[in-house]
Structure formats: structure tokens, C-alpha cells
Amino acid sequence: MIKQLLTVGLVVIPTMIPIGAIAGIPPTFALNKLRAIGQASLRMCFVSKGKLSEAESLTIMMKNLKNAGIDYLYPWLETAEAKEAVQVAKKYLRSDCQGFNDEDAMAKALMPYVL
């Protein structure tokens with residue numbers, strides 16, 4: 001079930017960005033970074049709960065990034081800045097790994113990482 005949810009993109013990915021927070025930055029770039037961070041944090045959640053293996057979760061995440069047209073962000077996800085952002089996002093994950101609590105607060109917390 002989880003593989004299917006992730007694969008078809010039914011897991012909620014953060015999409016809310018405060019309008020004033022992205023002045024001067026192309027909104028789609030910041031939004032794409034938020035989506036990549038969401039995918040990476042969800043991946044970690046499923047692995048930590050034993051619902052997916054590391055390899056399975058990486059394959060699904062890469063497929064989702066590619067389907068969203070943001071696979072170019074994968075190298076950025078490997079940076080220290082992105083890994084720190086993923087740790088911030090993990091604080092907002094629902095316990096069932098099916099989305100995030102308080103997406104607005106999470107987007108605000110992630111602004112320094114995506115701008």
C-alpha cells in the first residue's frame with residue numbers, strides 16, 4: 001500500500017509557501033526544493049519504521065522526483081544544507097508517514113533552506 005501511495009504521488013507533499021517569503025526567487029524553484037525535501041523526509045520515515053528498505057525507498061523517491069520533473073535536485077539533496085532541511089521537515093511528519101502536520105509552519109521553517 002505504501003509503495004503504491006508514494007508511487008502515484010498520493011502522499012501529501014508540502015506545497016504551501018508564504019507569498020512574501022519568496023520575493024526575488026522564482027516560486028517554482030523554491031516549491032520544487034520543498035517537494036524534494038518532502039520526498040526525502042517521507043523516504044526516511046518509511047525506512048525508519050521498517051515499511052520500506054533503503055533501496056526500495058530510494059528507487060521510489062527517484063521515480064517520484066523524475067515524474068515531478070525535479071530529479072535535477074537529487075544532487076542538492078545530498079548536500080549538508082538539504083540534509084539539515086530534511087531533519088527540520090521530519091519534525092512535521094505525521095506518525096503514519098502519510099503526510100505532514102501544519103504544512104504552513106513547516107514551509108516557514110524550511111524557507112532559509114529553499115531560498
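1. Let me start with how the chain is tied together. Among contacts in the protein between residues at least 6 apart in sequence, 68% join residues at least 24 apart. Please keep in mind that this is a predicted model.

2. Next, the overall layout. The protein has six helices and zero strands, and reading along the sequence gives the pattern α-α-α-α-α-α. Of its 115 residues, 43% count as buried.

3. The largest nonpolar core has 30 residues, and I37, L77 and L110 are the members that touch the most others. Two or more residues come from each of α2 (27–48), α3 (54–67), α4 (74–77), α5 (80–90) and α6 (103–114). The greatest contribution is from α2, which gives eight residues. As general background, nonpolar side chains in soluble globular proteins tend to be buried together.

4. Which residues is L77 in contact with, leaving aside its neighbours within four places in sequence? The list is A36, I37, A40, M61, L65, A82 and K83. One of these, I37, stands beside L77 among the core members that touch the most others.

5. Now for the largest pocket, which has a volume of about 190 Å³. Its lining consists of A40, R43, M44, L58, M61, Y74, L77, E78, K83, V86 and Q87. The helices α2, α3, α4 and α5 each give two or more residues to that lining. By class, the lining has seven nonpolar, one polar and three charged residues.

6. M61 connects several of these points. This residue lies in helix α3 and is one of those lining the largest pocket. Is M61 buried or exposed? M61 is buried, with a relative accessible area of 3%, and the cut-off for that label is under 20%. Setting aside neighbours within four places in sequence, M61 is in contact with Q39, A40, R43, Y74 and L77. Of these partners, A40, R43, Y74 and L77 also line the largest pocket. For a distance to check in your viewer, M61 and L42 are 19 residues apart in sequence, with 8.9 Å between their C-alpha atoms.

7. On to α5, where A82, A85, V86, V88 and A89 are buried. Seen down the axis of α5, these buried residues fall within an arc of 160°, so they line one face of the helix. One of them, V86, is also part of the lining of the largest pocket.

8. With a relative accessible area of 33%, K90 is partly exposed. Apart from neighbours within four places in sequence, K90 is in contact with S41 and M44, and M44 is one of the residues lining the largest pocket. K90 and M106 are 16 residues apart in sequence and 9.4 Å apart in space, C-alpha to C-alpha.

9. C97 counts as buried, at 0% relative accessibility. D102 is found in the loop between α5 and α6 as well, and D102 has a positive phi of about 45°, again without being a glycine.

10. Which residues of α6 are buried? They are E103, M106, A107, L110, M111, Y113 and V114.

11. The face turned away from the buried side carries the exposed residues K108 and P112. P112 lies in helix α6, and its relative accessible area of 57% makes it exposed, the cut-off being over 50%. The C-alpha atoms of P112 and E81 are separated by 9.6 Å, although the two residues are 31 apart along the chain.

Methods:
Residues numbered from 1 in each chain as written. Predicted model: local features only at pLDDT ≥ 70, side-chain atom pairs only at ≥ 80, totals over all residues. Heavy atoms only, no water. Core = buried A, V, L, I, M, F, W, Y, C linked by side-chain atoms within 4.5 Å. Buried < 20%, exposed > 50% of the residue type's maximum accessible area, 1.4 Å probe, protein only. Helix = DSSP H or I, 4+ residues; strand = E, 2+ residues; numbered from the N terminus. Contact = heavy atoms within 4.5 Å. 1 Å grid on protein atoms, 1.4 Å probe; cavity = no way out; pocket = protein on both sides within 12 Å on 5 of 7 lines; lining within 4 Å. Points joined across faces, edges and corners; volume = space filled by probe spheres on them. Nonpolar A, V, L, I, M, F, W, Y, C, P; charged D, E, K, R; others polar. Arc of directions from axis to C-beta.
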